[in-house]
Amino acid sequence: MHQRPTPPTSPTPPAETPEAAAPTGGRRGLARKALLAASALGVVTALLSPVRAGAAPAPAAGSAAPTAATPLAANGQLRVCGLQLCNASGQAIALNGMSTHGTQWYAQCVTDGSLNALAHDWRADVLRVSTYVQEGGYETDPAGFTARAQKFIDAAHARGMYAVIDWHMLTPGDPNANLDRAKTFFTAMAKRYKDHPGVLYEIANEPSGVSWSAIKSYSEQIIPVIRAQDPDAVVLVGTRAWSSFGVSEGSNESEVVNNPVRASNIMYTFHFYAASHREAYLATLDRASDRLPVFVTEFGTQNYAGEGANDFAMSQRYLDLMKRKKISWTNWNYSDDHRSGAVFKTGTCNGSNWTGTGVLKEAGVWIRERIRQ
C-alpha cells in the first residue's frame with residue numbers, strides 16, 4: 001500500500017518541540033478525564049469551532065468564556081458505542097484532522113505556530129503523532145522518541161485537540177517483530193495519559209506480509225498492556241495488508257468480521273490513497289464499516305507513495321462516505337516534504353508563517369477546506 005517517503009538527503013535537524021506540562025496525577029476514572037477535558041476551555045485563548053457533535057459545556061467559573069468549545073472540551077472521554085466513535089454523552093461523532101510525518105525527519109514541522117494553525121485556522125479535531133519504529137526512529141533512541149511524542153501530544157491537548165498515538169511500524173510488516181518495543185512504548189504512554197481523555201492508541205500502523213491471525217495475536221498482547229494503565233481509552237487496531245482489511249493482498253474484511261480481536265472499546269483502521277485505491281477499496285470501507293467500528297487513520301489524495309497528481313474526485317467520494325457514516329479520519333501528512341502528499345510548500349517549516357492557503361500545496365488547500373467544513 002503506502003510506501004513511506006524517504007527523507008531528504010540532509011534533513012533539517014529537529015527543532016525544539018513545544019513545551020507543555022504532563023497530565024497531573026490522581027485517582028483513575030472518567031470524572032478525572034472529564035475535568036481535564038473541560039480545562040481545555042481555559043487553556044486556548046483563540047476561539048475554535050466545536051467538533052462535529054452537539055453543544056459545548058459551560059466553561060468553568062472564573063475562566064475565559066469562548067463562544068465555542070474546543071473539540072476536547074466539548075466531547076471529553078471518547079468510547080466506542082456499537083459501530084461508532086462516541087463522546088462522553090454517548091453521541092456519535094467524527095474527528096477530522098492531520099497526521100504528522102515521521103518525527104525523526106520532520107519534527108521542525110510540529111511547532112507552537114504550526115499547531116496553532118492546525119487548531120485555530122484549520123479547526124482540526126485531532127493530531128496523529130507518528131512515531132516510526134525503524135527507519136531512524138524509535139529503535140535508535142527509545143527514551144528520546146517517547147519524550148518527543150509526548151511533547152507533541154501535550155501540545156495538541158493544550159490546544160484542545162485529541163491525539164492519536166501512532167506506533168508507526170512499517171518494515172518489518174509483522175508487528176510481532178517489535179512486540180517487546182511496543183510493550184515498552186505503550187506502557188510509558190498509558191502511564192502518562194491514564195488520567196487524560198484526549199488520547200487514542202494506534203498499536204500497529206500498517207501490517208503487511210503477515211496473516212490476520214498474527215496481527216490479532218499481537219493486538220491481544222498489546223491491548224492488555226494499555227488497559228492495565230488506561231482502561232478507558234479507545235484502541236485502534238491495524239488491519240492486514242497495509243491496513244486495507246486485506247484488500248491489497250487479495251482478501252477482504254470478512255477475516256476480521258469472522259475473527260475479531262477479543263477486546264472491547266476498539267476500532268479497526270483503514271488506509272487509502274485515492275489515486276491508487278479505487279472501487280474495490282471504497283467498497284471494502286463501505287462494507288467493513290457496516291460490520292465493524294472503523295477509523296481511517298491515514299489517507300492521501302495521491303498515489304500509494306504519497307506522490308503524483310491529486311485525484312480530488314475520488315477523494316471526495318471517500319470523504320462523502322465517511323461523513324455519511326461518521327467515520328473519523330486523519331490525512332497524511334502535516335509537513336513540508338517535497339512530495340505532493342505533504343500539505344506545506346517545501347521550506348515552510350523553516351519559517352514562521354503557517355496560516356492561510358499561501359503556504360500550502362494543492363492538496364493542502366483542498367484538505368484544509370474539508371477540515372474547516
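Buried means under 20% relative accessible area, exposed over 50%, and partly exposed in between, with a 1.4 Å probe and protein chains only. Helices (H or I, at least four residues) and strands (E, at least two) are DSSP runs, numbered from the N terminus. This is a predicted model: local features need pLDDT of at least 70, side-chain atom pairs count only at pLDDT 80 or more, and totals for chains, interfaces and linings use all residues. Residues are numbered from 1 along each chain as its sequence is written, and side-chain values use heavy atoms, with hydrogens and water left out.

Look at the two faces of β5. Val126, Arg128, Ser130 and Tyr132 point one way. Leu127, Val129 and Thr131 point the other way.

Now the neighbours. Two strands pair if DSSP finds at least two bridges between them. Strand β4 (residues 96–99) pairs with β5 in the parallel sense, over 3 bridges. Here methionine 98 stands opposite leucine 127. Strand β6 (residues 162–168) also pairs with β5 in the parallel sense, over 7 bridges. There valine 126 stands opposite tyrosine 162. From β5 the chain crosses through helix α4 (residues 142–158) to β6, a right-handed β-α-β crossover. Right-handed means that, with the strands pointing away from the viewer, the path from the first strand over the helix to the second runs clockwise.

Just after α3, arginine 123 takes a positive phi of about 65°.
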